Amino acid sequence: MNAVASLGERQRLALQRPDLLREQGFVGGAWVGGATAFDVTNPATGDVLARPARLGRTEAETAVAAAAAALPAWSARPAKARADILKAWHRLILQHAEDLARLMTAEQGKPLAEARGEVAYAAAFLEWFAEEARRVYGVTIPGHMADKRIVVTHEAVGVVGAITPWNFPAAMITRKVGPALAVGCTVVLKPSELTPLSALALAVLAEEAGLPEGVLNIVMGDAPEIGDVLTTDPRVRKFTFTGSTPVGKMLAARCAGTVKRVSLELGGNAPFLVFDDADLDKAVAGAMASKFRNTGQTCVCANRFYVQAGVYDAFAARLAEAAAALNVGDGLSGPTEQGPLIDERAREKVSTHVADALGGGARVLTGGAAMDGPGAFFEPTVLADVGPGALLCREETFGPVAGLVRFETEAEAIALANDTSAGLAAYVFTRDNARVWRVGGALQYGMVGINTGLISTEVAPFGGVKESGLGREGSLYGVRDYVDTKTLCLEVEPE
Ligand code: ADP
């Protein structure tokens, strides 16, 4: 691998605004460098794309101080004034959508069409929360005594520490930063070191939109050091994390020391249920969208397919045919529909899950192997006759592998689906209306897609139950995690 960023990689980006590619952090309104740097590589080529500053504890502490200093003035602004800046940021993101999408594909690997979709999705959170900013209504409550009046208001929690993952390098940021800024919080964000370029490009545009200094700060480099500051500094009043379950649990535990508000969006292990009465065209289309989007690297990706015996063979054959037709390649060139996995470690996990399923008697219908050449590519894979105890069913695979398990009865399918510590998303395909309500109600998940494989939108609450997390992002509920409820109890003197 090259020690310095490859000029060829940068030229291939063909950015209209080359200054959107930043290698410095953003602290207190200033772009800050560091003594050392780390590599950001293109997962499709293995080439170094950029060498951002490796920041750590000192910069994180400075960022928290800047966010704390900016808080009083930002939260005191009228909601409309904050919303106007979020709307300007939203417009700038759409204006530079192509550059942002190309940067994202280069650092993350997803096909350009998906990156364009994510940029629009990311911007949509800013627009949505700009609209919500003006509707953070309180209530009045009839007093408990004749001379008492009770008013409830919602106030910004304060400084927010946020840590985001690499699978959605822009949307996971705006989904947190949008509501935080809308209600008057200020933010210190640590993006994933695998994909910091999207975050930094967003910060360039936030600055252009007129966001005051210190309101949004971005620090990346030494994740444990920065994470330590964000989870222990008493000035940070809320911590929000999207990422793996073990890291989320560890960071949430650290937040206990200063009793921070905590939101977690952790791993899923989504079941995908296909009943005999399903529309198979819809089920296959839903499975393709839910399983192979982002190379299977989303927390709501279908992870386990439970298919009723009557349609099992037909569904398996059609899904295998659709998966085999996917164009796999470099997201920046050609008609790519599936990019690489994020890195070699991710590909090893996928290979392990496939080997484990095959060892348990599963059959390969299509794919099944890592692909040669640079980049962590893996064939779109469909396996039949996977045992319910296989790793594919017990752990999040985070890769382009659909493992099919046969079931006979509805009760059996529900029991299999709920037999996990995760509870983020589930999918059900059936044309029986009563079954929709029965199964939809019985599934222990935060989100259930019914006859659809795509459930994410800024207007609906996103989040899980059980070990998949705490809190909800997006929608009217997405505001709640960033406000504290205050009770004003007034005694009215008699005349
Ligand atoms: P994944 O396994 O999908 O990469 P992680 O949970 O490791 O998920 O990463 C999600 C985010 O958590 C990233 O921004 C990563 O840098 C961060 N992270 C990982 N380990 C730590 C840690 N010890 N302290 C703080 N942040 C961490």
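**Figure 1. Ser-475 in the loop between S19 and strand S20.** Ser-475 is buried, with a relative accessible area of 0%. This close-up, like those below, is taken from a predicted model. The residue belongs to the loop that runs between S19 and strand S20 (483–491). Most residues other than glycine have a negative phi.

**Figure 2. Asn-451 in the loop between S18 and strand S19.** Asn-451 is found in the loop between S18 and strand S19 (469–470). Phi is positive here, at about 60°, although Asn-451 is not a glycine.

Figure 3. Helix H6 spans residues 171–183, a run of 13 residues. From its first C-alpha to its last, H6 reaches 19 Å, close to the 18 Å expected at 1.5 Å a residue. Because 13 of its 13 residues are buried, H6 is largely enclosed by the rest of the structure.

**Figure 4. The open sheet of 7 strands.** The strands are arranged in the order S14-S15-S16-S13-S12-S17-S18, and the pairing is mixed. Strand S14 (363–366) and strand S18 (447–450) are the edge strands, each pairing on one side only. On average, neighbouring strands of this sheet are turned by 25° against each other, direction ignored. Strand S15 (residues 381–384) pairs with strand S16 (residues 401–407) in the parallel sense, over 3 bridges. Thr-381 has Val-401 in S16 as its bridge partner. Helix H12 (residues 344–359) lies across S14, S15 and S16 and runs at about 25° to S15.

**Figure 5. The open sheet of 3 strands.** The order is S5-S6-S20, with antiparallel pairing. Strand S5 (139–141) and S20 stand at the edges; each has a single partner strand, so one side of each is left without a neighbour in the sheet. From one strand to the next, the twist averages 25°. S5 and strand S6 (residues 148–156) run antiparallel and are joined by 3 bridges. Opposite Val-139 stands Val-152 in S6.

Figure 6. Ala-417 is part of helix H14 (residues 410–418). It is buried, with a relative accessible area of 0%. Which residues are in contact with Ala-417, leaving aside its neighbours within four places in sequence? They are Pro-271, Leu-273, Arg-304, Tyr-306, Leu-443 and Tyr-445. Gly-453 is 36 residues from Ala-417 along the chain, and the C-alpha atoms of the two are separated by 16 Å.

**Figure 7. The largest cavity and its lining.** Searching the whole structure gives 3 cavities of 30 Å³ or more. The largest cavity has a volume of about 50 Å³. Its lining includes Lys-176, Arg-472 and Asp-481, along with Glu-265 and Glu-473. Thr-240, Phe-241, Thr-242, Ser-263 and Leu-264 are also among the lining residues, as are Leu-470 and Gly-471. Strand S10 (236–242) and strand S11 (261–265) are the elements that give two or more residues to this lining.

Notes
Residues are numbered from 1 along each chain as its sequence is written. This is a predicted model: local features need pLDDT of at least 70, side-chain atom pairs count only at pLDDT 80 or more; totals for chains, interfaces and linings use all residues. Side-chain values use heavy atoms; hydrogens and water are left out. Helices (H or I, at least four residues) and strands (E, at least two) are DSSP runs, numbered from the N terminus. The expected span of a helix is 1.5 Å times one less than its number of residues. Buried means under 20% relative accessible area, exposed over 50%, partly exposed in between (1.4 Å probe, protein chains only). Two strands pair if DSSP finds at least two bridges between them. Axes are lines fitted to C-alpha atoms, for helices over the stretch in contact, and angles run from 0 to 180 degrees between N-to-C directions. Contact means heavy atoms within 4.5 Å. On a 1 Å grid over the protein atoms alone, a cavity is a set of points where a 1.4 Å probe fits but cannot get out, and a pocket is an open set with protein on both sides within 12 Å along at least five of seven lines; lining residues have an atom within 4 Å of a point. Grid points are joined across faces, edges and corners, and a volume is the space filled by probe spheres set on the points.
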